[in-house]
Amino acid sequence: MKALFATLLILSIASASNFLEVQNGIEAQEGHQCIPNPTFNVTSFDVQPWPPVLSGSLTMNMTGVFVSSAYVENLSVGTNYNRQQWNYQHRNINTNFTKGQTYSFIIQTDSGQRSGQYIKEVVLSNQDHNNNYVHLACWQFLYTLS
Ligand SMILES: *[C@@H]1O[C@H](CO)[C@@H](O)[C@H](O)[C@H]1NC(C)=O
Ligand SMILES: *[C@@H]1O[C@H](CO)[C@@H](O)[C@H](O)[C@H]1NC(C)=O
Ligand SMILES: *[C@@H]1O[C@H](CO)[C@@H](O)[C@H](O)[C@H]1NC(C)=O
Ligand SMILES: *[C@@H]1O[C@H](CO)[C@@H](O)[C@H](O)[C@H]1NC(C)=O
């Protein structure tokens with residue numbers, strides 16, 4: 001698989017991490033949920049900087065509530081450039097979360113190095129007893145780099 005973007009780094013995963021100051025005090029809500037009835041109900045999704053800039057880094061804060069207890073195997077960031085194929089980068093989370101738990105996933109990735117239209121998605125997943133993939137959360141947002 002050809003990796004378009006070199007790094008995906010989960011900076012921190014903590015329910016009460018507030019060391020990262022929001023530079024301008026503006027927290028934008030970007031994008032939309034991409035599965036019905038997710039197990040992890042996203043309540044805010046912030047992307048900094050917004051709008052993204054060419055060859056920049058993006059820091060995403062996906063905050064939500066676990067509607068039921070769940071094991072999260074992976075957090076995956078998918079990137080789609082100019083409606084071509086999707087590229088995914090997976091990070092192992094390997095954590096059990098409890099019903100009602102609020103959580104902030106802080107994810108750093110790259111904006112993209114070519115001008116054009118981008119779709120990013122963040123997916124939480126695990127596998128059921130038959131090894132089928134189960135999506136627990138899916139959030140997408142679009143932007144254009146020029
Ligand atoms: C992530 O977003 C939540 C909800 O807006 C906020 O409470 C939290 O401080 C943010 N975390 C970081 C590291 O920005
Ligand atoms: C998910 O969050 C939205 C907005 O915060 C809320 O209106 C909705 O009731 C929540 N859904 C569940 C199943 O908790
Ligand atoms: C998650 O919970 C399941 C079921 O209780 C348990 O078998 C598993 O070891 C737990 N995993 C972790 C990483 O704690
Ligand atoms: C988790 O990511 C690994 C690669 O890092 C992959 O082999 C596995 O199938 C993924 N599982 C899920 C549930 O996405």
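Asn41, Thr43 and Val67 are the residues around ligand 2, where a residue counts as near if one of its heavy atoms lies within 4 Å. One polar side-chain atom of Asn41 is 2.4 Å from an oxygen atom of ligand 2; a polar contact is a pair of N or O atoms within 3.5 Å. On its own, ligand 2 has 360 Å² of accessible area, and the protein covers 28% of that (Shrake-Rupley method, 1.4 Å probe).

A word on conventions. This is a predicted model, in which local features need pLDDT of at least 70 and side-chain atom pairs count only at pLDDT 80 or more, while totals for chains, interfaces and linings use all residues. Residues are numbered from 1 along each chain as its sequence is written, chains are lettered from A and ligands numbered from 1 in the order in which they are written, and side-chain values use heavy atoms, with hydrogens and water left out.

### Strands and sheet

The protein chain has zero helices and nine strands. These are DSSP runs numbered from the N terminus, with helices being H or I of at least four residues and strands E of at least two. An open sheet takes five of the strands in the order 2-9-8-5-6, with antiparallel pairing; strands pair if DSSP finds at least two bridges between them. Strand 2 (32–33) and strand 6 (86–97) are at the edges with a single partner strand each, so one side of each has no neighbour in the sheet.

Here are two of the pairings, each with a bridge partner:

| Strands | Bridges | Facing residues |
|---|---|---|
| Strand 5 and strand 8, antiparallel | eight | Asn74 and Ser125 |
| Strand 5 and strand 6, antiparallel | 10 | Gly78 and Tyr88 |

Strand 5 and strand 6 also form a hairpin with four residues between the strands, and there Asn82 has a positive phi near 45 degrees.

### Core and surface

Of the 146 residues in the protein chain, 43% are buried, that is, under 20% relative accessible area. The largest nonpolar core has 27 residues, and Phe40, Phe45, Met62, Phe105 and Leu124 touch the most other members. Such a core joins buried Ala, Val, Leu, Ile, Met, Phe, Trp, Tyr and Cys residues through side-chain atoms within 4.5 Å. Strand 9 gives the largest share, six residues. In soluble globular proteins, nonpolar side chains tend to be buried together.

As for the surface, the protein chain exposes about 8000 Å², of which carbon and sulfur atoms supply 48%.

How values were computed. A polar contact is a pair of N or O atoms within 3.5 Å; within protein, one must be able to donate a hydrogen and the other to accept it, and residues adjacent in sequence count only if both atoms are side-chain atoms. Buried means under 20% relative accessible area, exposed over 50%, partly exposed in between (1.4 Å probe, protein chains only).
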